[in-house]
Amino acid sequence: MNTKNIMIVGVGGQGTLLTSKILGNAAISAGYDVKVSEVHGMSQRGGSVVTYVRYGAQVYSPVIGLGEADLILAFEPLEAARALSYLKKDGILVANTRKIDPMPVISGAMEYPQDVLERIASLGVDLRAFDAMQSAQNAGNEKTLNVVLVGYLSTLGFFEESALRDALCACVPEKLRDVNLKAFELGKNAEVSAF
Amino acid sequence: MKTLFLGNEAVARGLYEAGCGFVSSYPGTPSTEITECAAKYSEIYAEWAPNEKVALEAALGACLGGKRAFCGMKHVGLNVAADPLFIGAYTGVGAGLVIGVADDPGMHSSQNEQDSRHYAESAKLPMLEPSDSAECKEFTKLAFELSEAFDTPVLLRLTTRVSHARSLVECADRQEPAAFTYEKDPQKHVMMPAYAKPRHLAAEDRLRRLSAYAETSDLNRIEFHQDALGIVCAGNTYNYAKEVFGDRASYLKLGMVHPFPEQLARQFAGKVKRLIVIEELDPFLENKFRALGIACEGKNLLSLCGEYSQDLLKERLENGSNPHHVYPDPIPPRPPVLCPGCPHRGLYYVLKKLNLRVFGDIGCYTLGAVAPLNAIDTCFCMGASVSAMHGFEKASPEAAKNSVGVIGDSTFMHSGITGLVNLCYNQANATLIILDNSITAMTGHQQNPCTGYTLKGEAVHGILPEKICEGAGVDPKHIRITDPNEPEKLEAILREELAFNGVSVIITRRPCVLLKQVKKDKLCTIESDSCKNCRACMKLGCPAIYLGGGKRPQIDGTLCTGCTLCTKLCKFGAIRTQAR
Ligand SMILES: Cc1ncc(C[n+]2csc(CCOP(=O)(O)OP(=O)(O)O)c2C)c(N)n1
C-alpha cells in the first residue's frame, strides 16, 4: 500500500499527541509500518503544534510534505488554514469550528481573519467542519476534543472503527474510558456544517 | 512483537537492555524523555543532576565505579559539559560510558542550532547517529560495546526528528554486562601534565583504531542501486533522501559520523557519477570528502540553517514540491505564550509597569519577552541573567537603579549560584529575582533540587534558594519572598530593593499552574455592566482574555484557571471570581 499521511494540527495544550498515539496504535494493529512525529517542548505552551502520522508498507520520512496529506485533523480553524498547503489536492480536511485567538490577536496587533473555513471551502477543499468542542462538552469533558475528532475520523475509511476504539481504550486511563467512548460516539455521529 | 517507541524512549530501552546501571542527566528538549523513560526501569539508578557538567562527571565516576553509565543532554548542554567531555577522552572509561546529545535543527525549542558533531571531532571521541527508533535502541547498545572495547566515552547524536518520532521497535531482554572492577591507576585517571601527555597519545592511537573499525563496521553501509546519483547521509537525512529518491539513487549511510571512514567514502565516490552530501547544519561530512580531494555537492544546494525535509530536497534537487492548495490571506502567527494562570505573568506585568531593564534567562519565563509583555532585554544562556546583569552594572553603574535579573528555580540551581557568588564577592549593586515555581516547567515538569522530589519520585529535602543566598552573604533583610500574583505588594518590594545599594534577591514563589496540586476550582468572569472597556486586563497577555462581542474583553471559561491576577488590575471591580 502507498503510504497514508495524516496530519494533526492544533494549539499546544489541546491534546493532539493523544490523537496521534491512537492513530499510530491503530495503524500498527492493522500490520503497517508506522512513523509518528511529535512536537515536545516550547510550542506546547500555547503555540501552533503539528503532529504527523504516516503508515504503509515502509515509511521513511517522519514528516509530511506539501500536498502530501490524505487527511488533516485541525483542532482550530486558523491552524487548518496554516496547514492547508500540506493537504493533497483531493485530501480531506476535518476542522473543529471553535476559534482560539493567538497572542497577536489578543494583544490587538492583528485581527483574527474573517470566515477562515468559508475561504477554505471556496477553494474546493473537501472540508468537514463541526463544533467538536461542543461535542466534547456534551460528552462531559472538554479535554475529549481530541477523541471527538478521532470518532469522526472513524467514518472516513482510514481504519476499522473497532481498531480505533481498541487503540483509544489502550491509550486512556481506565477511569476516563467511558467519557472518551462517549466523545468518540458523538464525533462519529457529528453533523458537518455546509459552507 | 514490535511496538511504537519514541526515539528517546528507544534509547532508554537500549540502556535497559545493555545492562546500564547509572543515568545522570539534566533535562533539555529534545533529549529529556531518554532519562525520564530510563528512570522507569527499576534496574537503572537514574537522577537529575543540577547541570550537565555535574551529570557527566557523575557518569564518569559511575563507569569507574563499575556500572555502565549514561548521561543525556541537549546540544547546548554539551557546552556546559565540555570540560569533563574532553578529559574523559583522555582517561577513558571503566565500564562503558555513553553520552547522548540531542541537536535541534530548526530550533523548535532552543536558543541556537549548533552541530554537536564538532565536539566528537575536537574531543577525539567516536559518535554514532541513529535514524529511527530501532536504530536508537541498537546503536545505544552497540555504543556500550564500543565504549568498553576501545576504552572510550561514546557520543550518541540525536536530532529532534529522531528523538521525537515514534517508529517500530522490537524489544529484547536485559543482559547484565561483564563486571568491571575499579583499580587505582593514577596514570590513567589523574590528569596532570606528566600523566596526561601519554594519555593524549593513547587518545590519538585509539582514534586511529576507531577509524579502522569505521571502515568495516555494519554501522556504515553502502546501499547501491544506480550510479547516476550517490547520496551521503546520516541520521534523519537518510529518511528524507530515501523518501524522495527511493531506489533511484545509491546511498552511503553513516551510522558512525566520527571518525570518518575514508576508504569506504572513496569506494562509494568511485561508484557514482554525482555525489551529494545531505546533512543538516554544518558541512561536517562534506568537508571530509573535500579534505580527501573528492568533488561533491552539498551546502551549495542545501542549507546551513534550519531543518531539512523531503520538501527541501524536492525543491532543491528535484523539480519542486507536489501540487497543493494555498490559503489566500495572511495568517496571524501563533507563538508559544505563558499559560493562563502562569505565576510568571504577574511578575512581568509589574516589571513592565516599572519599565525596568530585565536581564533574562532560559525557561518558560523567557516568554515574557514577547508582546504584549515585551519585558525582557537579554537572554543568552542558562545563568547569564545574573552574570550579564553584573557586568552591565559594573560598566554602567547608574543602570542598577532600574535593572533586574530574572532566573527560574531550576536555572538558578543549574548555573545561577556561581553568578550570585560573583555578585556577593565583587560587591555588586544588583537586584536578582528568582522565579520559584517549584518545578522545571519549560522542559515538561522535571523535578530539581528545589522541588523536594527526585527523578525517581522519592521525597527529599528541597533546597531553598533563600538559604543559598544567605550563605553567599546576601543580607537576610534583602532576601524578600513574595507571591507574584500580588502585584501591588511585589511592586512595593521591587521599589525598595532597587533603591538599596547592594545585592538584593526577591523570590517570587507560586507553583506552576500546570502542577496537579494547584487547585483550579475558580473561574473569573467579566461583568459587562461594570466593564468600562479600558482593557487594562488585556495588558497581561493572558490567553484566556480576548476581545469578544462588541470588541470588549471577555474571559474564555475553558482556558481560565481562576488565578485571579486580572481581578487585581481591574479598577472598576468588573472581574468577578466564582467557584467552578
Ligand atoms: C545548558 C542548557 N541546558 C538545558 C537547557 C534546556 N532548558 C531550557 S529552560 C530549562 C529549565 C527551566 O526551568 P526553570 O528555570 O525552573 O524555569 P521554568 O521553565 O520552570 O519557568 C531547561 C532545562 C538549556 N536551554 N540550556
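Let us start at the ligand, where a backbone N or O atom of Ala441(B) lies 2.8 Å from one of the ligand's oxygen atoms. Keep in mind as you look around that this is a predicted model. A polar backbone atom of Met442(B) is 2.9 Å from an oxygen atom of the ligand, and for Ile439(B) a backbone N or O atom sits 3.1 Å from a ligand oxygen. Taken alone, the ligand would expose 590 Å², and the protein buries 97% of that.

Which elements of chain B give two or more residues to this shell? They are α4 (75–80) and α17 (409–425), and α17(B) contributes the most, with four residues. In total, 26 residues surround the ligand. The closest are Glu52(B), His344(B), Asp409(B), Thr411(B) and Ala441(B).

Now move on to Glu307(B), which you will find in the loop between α13 (284–291) and α14 (310–317) of chain B. Is Glu307(B) buried, exposed or partly exposed? Its relative accessibility is 24%, so it counts as partly exposed. Leaving aside residues up to four places away in sequence, Glu307(B) touches Pro105(B), Gly106(B), His108(B), Arg161(B) and Glu280(B). The side chains of Glu307(B) and Arg161(B) are joined by a polar contact of 3.0 Å, while a polar contact of 3.1 Å links the side chain of Glu307(B) to that of His108(B).

Glu307(B) and Arg174(B) are 133 residues apart in sequence, and their C-alpha atoms are 35 Å apart in space. Arg174(B) is one of the residues that Glu17(B) touches.

Glu17(B) itself has its place in helix α1 (residues 7–17) of chain B. With a relative accessibility of 1%, Glu17(B) counts as buried because the cut-off for that class is under 20%. Again not counting residues up to four places away in sequence, Glu17(B) touches Lys137(B), Lys141(B), Cys171(B), Ala172(B), Asp173(B), Arg174(B) and Gln175(B). To finish, zoom in on Ala172(B): its backbone nitrogen lies 2.7 Å from a polar atom of the Glu17(B) side chain.

Definitions and conventions: Residues are numbered from 1 along each chain as its sequence is written. Chains are lettered from A and ligands numbered from 1 in the order in which they are written. This is a predicted model: local features need pLDDT of at least 70, side-chain atom pairs count only at pLDDT 80 or more; totals for chains, interfaces and linings use all residues. Side-chain values use heavy atoms; hydrogens and water are left out. A residue is near a molecule or strand if one of its heavy atoms lies within 4 Å of it. A polar contact is a pair of N or O atoms within 3.5 Å; within protein, one must be able to donate a hydrogen and the other to accept it, and residues adjacent in sequence count only if both atoms are side-chain atoms. Accessible areas come from the Shrake-Rupley method with a 1.4 Å probe; for residues, only the protein chains shown count as cover. Buried means under 20% relative accessible area, exposed over 50%, partly exposed in between (1.4 Å probe, protein chains only). Contact means heavy atoms within 4.5 Å.
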